Each structure stands twice: as C-alpha cells, then as structure tokens.
Amino acid sequence: VSNYFVDVSCGEHGVAVGGPGDWALCGTEAVRKEKIIQSTFTLIISPLNNALYSTLAFQSRVYEALKHGSVPVILGSLGQLPFSEVLRWDLAAIVLPMPRVTEIPFYLQSFPDEQIAALRLQGRVFFQNYLSSLQSIFDTLLAEVRTRLQIPAHPIRDEPSISVFPASFIPLKYQGPDMEPESDELLGPVESPFPSETYRYNFSHTMQINAFNVRGDPFHLYPHTPFEPWLPSEAKFLGSNYGFRPVGRGAGGDGKEFGEALGGNSPREQFTIVMLTYDREVVLIQALHRFKGLPFLNKVIVVWNGENPPSSDLRWPEIGVPVEVVKTGKNSLNNRFLPFDVIETEAILSIDDDAHLRHDEIVFGFRVWREERKRIVGFPGRFHAWDVKHQSWNYNSNYSCELSMVLTGAAFFHKYYTYLYSYVMPQAIRDKVDEYLNCEDIAMNFLVSHITRKPPIKVTSRWTFRCPGCPTTLSSNSSHFEERHQCINFFTQVYGYTPLYYTQYRVDSVLFKTRIAHDKMKCFKYI
C-alpha cells in the first residue's frame, strides 16, 4: 500500500471531549466504536501539553481501543498509561516516539498476524481484569499499592468440605475379599499420605509483578501454581532438602530402579483422586475397590451430587488412604472442579465413577503430568472441528490424528485450575454448564488452554474408558453432542476467541516398543 488518508477533523460528528493542550475526541462513543471495531490499530497521540502526564481524552481512547479489540499505538512518550507500575504495556500496546511519525505505515505493516493476535489478546486481558468496571479499577489500584509495599495478596479461598455423613454416623466397612491385583508389576514405593508444600512464594516481588501480566488472577495469593520453576539437576544431590527421589539414587536404571523411585525434575509428591457421582452406589464402590494399593495416591474425594445421602448399610472398602465423601449444595457438574480444602496435593486426578483405568495407566499419567504441570494430561482425546457450511465449531469424538481436548473424566490437572474455574472464569460459562448439565470438561479445556496457550497431552492408546455393564450415563442422551457443539461456540463468544490448540502426538513410555536385553525390565510392562 502506497497511499494513505489521514483525517484530523471530526467532520459531521463534532467534538465530544476536548481541553486546552489536548487532542479532542470526535462524536459519541457509539460513533467511535464503529470505527475502532473495523481497525487493527488505533493511533493515540500523547497530550500536547508536556506538563500533563495524562488527560481524559487520552485515557478514553486507550480504554475504547482495548474494549473493542484494537491495538493502541501510542505516539509520544509522555502519555501515562493506566497502572504502568505493574502492567507491561509493551505486551498490549505499541509506543513510538513522536519523531517516528512518518514511519508508522511501514512500521505497522511489519507486524505479523501472530504478534497482532498476541497484542490483542493481552489487551483484552488488561481490559477485562483491570479496566472493565469501577470495581476492577479500584481492585487494581489497591493491588498496585500493595505490590509497591511488597505486601502479599489475600490467600485464595478453599471450598469447605462438608461430609455427607452426620457427625455421629460411622460408615460400615467392607469385609469381603479384595479384588484380584491387575499384575505383579512394581509401579512405585508404598508411602503414607503427605501434603504438597504451600505458599512458598509469599513475598516474591517478581512473582507479584508477573501475576499482573499473565492470564489468571493477580488479586489473590495461591498455595501453589503450575508455573513454579525447576531447580537444576544438582539440587537432587547437593544442598536441597525438598525430598527428591531420583531413579537409582541418581545412577538411573531400567524398569526395576524406575519402579522404586518417582524420579523426574520435581520433589516427591502425591495426587488426589476427585470422583463425581450421582446415586450410583454399586458403581462407586466398585471404583473405590480398584484404587486399593495405587502408588502415590494421597486420598480419594467423592463428590456426592445426589440429593439423598448414601445408604446407611453401604459398606465402604478400606483402600489404604482416606476416602472423603463431600456433600454439595446442588446437583452441578461444576462441583467436579471445586477447590475443596481437603485436597492437599497439587496434582488432581479427575475421574468418573464408571471410568476403568489400570494402575499402571494412572501412574504413567501422573509421571507425565509431573513434567507438564501446566497442562491437562489424560486419556480420552477429542477435538473441535470447523463446520464449513454453518461457519461454526463442532465437537467431535471420532478417531483423529489431531486432538484439542482431553476429557476430564480421566485426566490429571493442577489444583490451581480449580480455583480459576470456580472463582475467576466467567460465570456465564458455569451457568451454561448447569443449564445443559453438560460441557464442564470442555469448559476446563478452554480455561487451561487460555491460560497456557498450549494443547492438552494425551497419554497411552486408550480412546475410551467406560466400564462394561455400567448404568446409562449423561453422554448417552440424544441431545448430548448437539449441546456440546453449542457449548464450544458459546464459550468462544465469552472468551472472544477459541483458545483450544491442536496436538498431533500422544505420550508413551520411554522404552515402549524398544528391544532390550532379556535381563532388563521396561519402564512399564504394558505401556
């Protein structure tokens, strides 16, 4: 493009806001909106009066550009952008010195689509979190002052775990024979339950500043997040007391040594199983039996979505770890992702009561998650497909070489995401889940991909996980898939874009299908 048209008059719209030493705003907000939503960039000139750091017109133009999805281009270095002490405006806006005004056309044409999309996305985050309402502006102002004084934010709220049983009730214990073990494979050491460490970064000023410039919630302090850095390899042996468990005490090894230690790059830890159930007592008890002897398991949380408590004569198996049965306020699939206070580990395995996974599959999934803590790691993969005819998204469960979602009926994720799902994610999404009694797994995939800008990770070849002979489920309803089509398109409207990304690989064990000596063992016999 070699020709440009620049109009510095308001024409028929007239001047709406203006002042001495400042550029004026033309027309009404509706008139300006019509122009901005058609624009990739919005040129905003700093106040003419060098004595002014900011003006109403300057701030209004920044506000409107972010609100309507345009990238602010600030000409001049004197304009003070909102909350610039904690917000990195170079991630959401372009700032040029006044002498480079003649370069603007060439300069803006040099931006690739990916960078423009990143600027727009960060601008949307800034607007929604810090500028979209008087309450958000006030909260950000207080948070900026708190950060300046290096005062930690208020801890995020855990959800109270109210037992489904009366205080005086003692559940009956199962006294029958145990289920036959799946194999004699050593999958991990037997350990007593222990919690993950919490609130290790309370006074980290760098972490506080970073929280404002990433997708998430900077207004609360979290007990742990999936973004904490790893220590170097030497820390496992020199000076660290975090409880690393290197394979072969650092010498490595094949399947024998691998099965005796957790290894990896993070200190030793365990995971919590969260299982949602609704009036399927027999299926629930069968599922609990299968968890007996499962390595690295901290406890099992049964989220009881039924209106009535479990039968008083129901016999509960002893599986070597605590089993907490939590009562909920209403029957909602959102309850699957409540951040219950009895969840004391970073890792959560969300699993349906009718999902039948072997111990080796669960342990393998846990080991993979420890290396990809930011992402959902699970078994059944699905994807979103473009409907060319209707120009919209469809939910697809067919076999595919590309995936963009992992169902949370059998998946690991970090507890941090349960806080975001329950308290930070737009309420409209949780309302849609309640309306359809569906799509909570899609909502969690949207959330995690929005935060990480990464797809989930699928492990093993398993495509489905339903147990044979189990009662009918919600997914067998004829309207199930149509509702999931609608959910994807509705969630896209709420986020302003589709955060899901595709992946073309799955994860298998390191020595899978590798020929090894007869006296050596693979990491997993069947994975």
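In which helix does Q115 lie? The model examined here is predicted. In this model, Q115 belongs to helix α4. Its relative accessible area is 38%, so Q115 is partly exposed. Between the C-alpha atoms of Q115 and L91 the distance is 9.6 Å, at a sequence separation of 24 residues. Helix α4 spans residues 113–131 and is one of the elements against which the buried residues of α13 pack.

The protein has 527 residues, of which 48% are buried. Its secondary structure comprises 13 helices and 20 strands. Along the principal axes, the C-alpha atoms fill a box of roughly 85 × 55 × 50 Å. Among contacts with a separation of 6 or more, 77% join residues 24 or more positions apart.

The largest nonpolar core contains 47 residues. Within this core, I301, F340, Y421, I442, M444, L447 and F491 touch the most other members. Helix α12, residues 440–452, supplies the largest share of the core, with seven residues. Leaving aside residues up to four places away in sequence, I442 touches Y395, M405, R484, I488 and F491.

Helix α13 covers residues 480–495 and has 16 residues. From first C-alpha to last, α13 reaches 23 Å, close to the 22 Å expected at 1.5 Å a residue. Its buried residues are H480, E483, R484, H485, C487, I488, F491, T492, V494 and Y495. The strands are β15 (381–387), β16 (392–396) and β17 (405–406). The helices are α4, α11 (427–436) and α12. Just after α13, G496 adopts a positive phi of about 90°.

The pairing of α12 with α13 can be set out in geometric terms. Two packed helices are described by the angle and the distance between their axes. The axes of α12 and α13 come within 10 Å and cross at roughly 35°. This crossing of α12 and α13 is right-handed. On the α12 side, the contact is made by D441, I442, A443, F446, L447 and H450. On the α13 side, R484, I488, F491, T492 and Y495 take part. Of these, R484, I488 and F491 are also touched by I442.

The structure holds one disulfide. C439 and C487 form this bond, with their sulfur atoms 2.0 Å apart. The torsion about the S-S bond is about 90°, so the disulfide is right-handed. The bond links distant parts of the chain, 48 residues apart. C439 sits in the loop between α11 and α12, whereas C487 is in helix α13. Both C439 and C487 are buried.

For C523 the relative accessibility is 13%, so C523 counts as buried.

Conventions
Residues are numbered from 1 along each chain as its sequence is written. This is a predicted model: local features need pLDDT of at least 70, side-chain atom pairs count only at pLDDT 80 or more; totals for chains, interfaces and linings use all residues. Side-chain values use heavy atoms; hydrogens and water are left out. A nonpolar core is a set of buried Ala, Val, Leu, Ile, Met, Phe, Trp, Tyr and Cys residues joined through side-chain atoms within 4.5 Å. Buried means under 20% relative accessible area, exposed over 50%, partly exposed in between (1.4 Å probe, protein chains only). Helices (H or I, at least four residues) and strands (E, at least two) are DSSP runs, numbered from the N terminus. Contact means heavy atoms within 4.5 Å. The expected span of a helix is 1.5 Å times one less than its number of residues. A disulfide is a pair of cysteine sulfur atoms within 2.5 Å. Axes are lines fitted to C-alpha atoms, for helices over the stretch in contact, and angles run from 0 to 180 degrees between N-to-C directions. A crossing is left-handed if the near helix is turned anticlockwise from the far one by less than a right angle, and right-handed if clockwise.
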